[in-house]
Amino acid sequence: MKTKNITTAVFLDLSKAFDTLSHDKLLKKLHHCGIRGLSNDWFRNYLQNRKQYVSLEGTNSNLSAIQLGVPQGSILGPILFLIYINDIQHATTLNLLSYADDTTVYTSGATLRGIIPKLNEELGNLNQWFMANKLSLNINKTNYMIFTPGHLQHDGNTQIMINGHELTQAGKNRQLTSVKFLGLYIDENLTWRHHIDKIQTKLNSSIYAINSMKKFLPHYALRTIYQTLVESHLTYGIQLWGNSSHCDKLFKTQKRALRYIYKKPRISHTDPLFKKSKIMKLPDIYHVHTALFMHDIKNKRLPKGLCSLFKENNNNTRQHNNFYVDKPRTKFSSRLPKHQFVKLWNDLGLDLKKCKTRNSLKTALKKEILSKYDKEVKCKNKHCPDCTK
C-alpha cells in the first residue's frame, strides 16, 4: 500500500527577470549549447549597442547603454531567457517546474519535519544560483503551499526561509488563500474554487459591457465581443478546472450573456440561442478541449512526461483506440485528469477517435454537440417566449 505523502511547493517570484540578464553570461551559455563562432557573434551584436533614455515633459536624458537584459516583446526574448536559466536544474535536487520566469520547486515526504530542513537548505542553494546569475528573488511575492492528501493533517510546524526571510504560506484561513500559477489560481485542496471565483469576477465586467452595448450593436457584433471578453476566459485551462462542482455559476453567467446578445428576457430558454449562435455550452467546451488534449496524447504531440501518464490499449481488439482505465482509489482521485480524460476519450464514438487531424476532430465533435441542442427538452416555464411560439 502506497504511503500518503505531504507535498510542499514554493512559488518563486523573480524581480524584473528579463531586465537583469547578464549579456556575458548569456553568451557563454549559448556557447555551451553549441551556438558558437559567427552565430554567437550575431547574438552578441543583437544584444549589445542598444541605447535608452528617459523623456519627461519634453526634456530628454542622456543616452545610456543597455548592459543587462533581453528585449521584451520580441520572439527571441523568452527563448533566450529559457536558455539562460536552463542550468538551474543543476543547482537543486528539488522537483522543478519552470515556464519562462515562472519557477516552482516542490518536494514530498511523510511528514513536514522531514521536508522542511531539506527544503530550506535547497532554497539557500537556489538563492545562491540566482545571485550568481544576477537574478533576484522577490521575497515578498514568493509564497509556499502545503498539499495534504485527503483529510490528513500536518503538524503545522512550518518555517520556510530564504536568506533569513520567512516566506508567506498560502492556504485556508490565511491571508493568502490561493496562489497564481501560470494564470491559474490553485488552493491547497485543488478545488479550483478560487480560480472560478476569479473568472466570475472578470465575466461580470464583460457581461456588464455586453449589456450596455446591446442597445446599439447588432447580435453578430455582440457575439464577437463575447468571444473576446467571455469565451477567452472560459477556455483557458478548462481541461483542469472544467469538471469542478463550482462551475455552475459560470454556466449561468454564460447563459445570461447569450440572452444579452439576442436581447431576450431573463427567463428565456437558452438552448435555441446556443444553437443559433453556434456557441457551445460550458460543459461541452470542457468536453471538446479535453478530447483535443487526448487526441494530442494519442498522436504523441505533447511532451513525453504528459504522454507517459496515459497508457494506450494496444491489443488487437475493438478497444485498441482506447486508453487503459485505472481504478481510482478515492472519490477525489476519480475527478483528476488521469481518470476523467481517459473516461471522456473512451466514451467518444469510433469515427471521432479515428479523426486524423486536430481540426477534423474539433469540427466533427462541435457539429455533433450542436446537433444535440435541437433535441434537448425545452423548459417547462409557460411564460418562456421561445417555448410558447
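**Helix packing and strand pairing in the predicted model**

In this predicted model, the elements that cover the buried residues of helix α13 include α7 (238–241), α10 (282–298), α12 (331–334), α14 (350–353) and α15 (358–373). Helix α13 itself spans residues 337–346, and its buried residues are H339, F341, V342, L344, W345 and N346. In an α-helix, residues three or four places apart point the same way, because there are 3.6 residues a turn.

The axes of α5 and α8 lie 10 Å apart and meet at an angle of about 10°. Because angles under 35 degrees count as roughly parallel, α5 is classed as roughly parallel to α8. On the α5 side, the contact is formed by I196, D197, I199, Q200, L203, N204, I207, I210 and N211; α8 contributes K249, L250, T253, R256, A257, Y260 and I261. By residue class, the contact of α5 with α8 comprises 9 nonpolar, 4 polar and 3 charged residues.

Among the strands, β7 (residues 102–109) pairs with both β1 and β6. Strand β1 (residues 6–13) is joined to β7 in the antiparallel sense over 8 bridges, and I6 has G109 of β7 as its bridge partner. The pairing of β6 (residues 95–99) with β7 is likewise antiparallel and extends over 5 bridges; here Y99 stands opposite D102 in β7. Strands β6 and β7 form a hairpin with 2 residues between the strands, in which A100 adopts a positive phi near 55°.

Technical notes
Residues are numbered from 1 along each chain as its sequence is written. This is a predicted model: local features need pLDDT of at least 70, side-chain atom pairs count only at pLDDT 80 or more; totals for chains, interfaces and linings use all residues. Side-chain values use heavy atoms; hydrogens and water are left out. Buried means under 20% relative accessible area, exposed over 50%, partly exposed in between (1.4 Å probe, protein chains only). Helices (H or I, at least four residues) and strands (E, at least two) are DSSP runs, numbered from the N terminus. Contact means heavy atoms within 4.5 Å. Two strands pair if DSSP finds at least two bridges between them. Axes are lines fitted to C-alpha atoms, for helices over the stretch in contact, and angles run from 0 to 180 degrees between N-to-C directions. Angles under 35 degrees count as roughly parallel, over 145 as roughly antiparallel, 65 to 115 as roughly perpendicular and the rest as oblique. Ala, Val, Leu, Ile, Met, Phe, Trp, Tyr, Cys and Pro count as nonpolar, Asp, Glu, Lys and Arg as charged, and the others, Gly among them, as polar.
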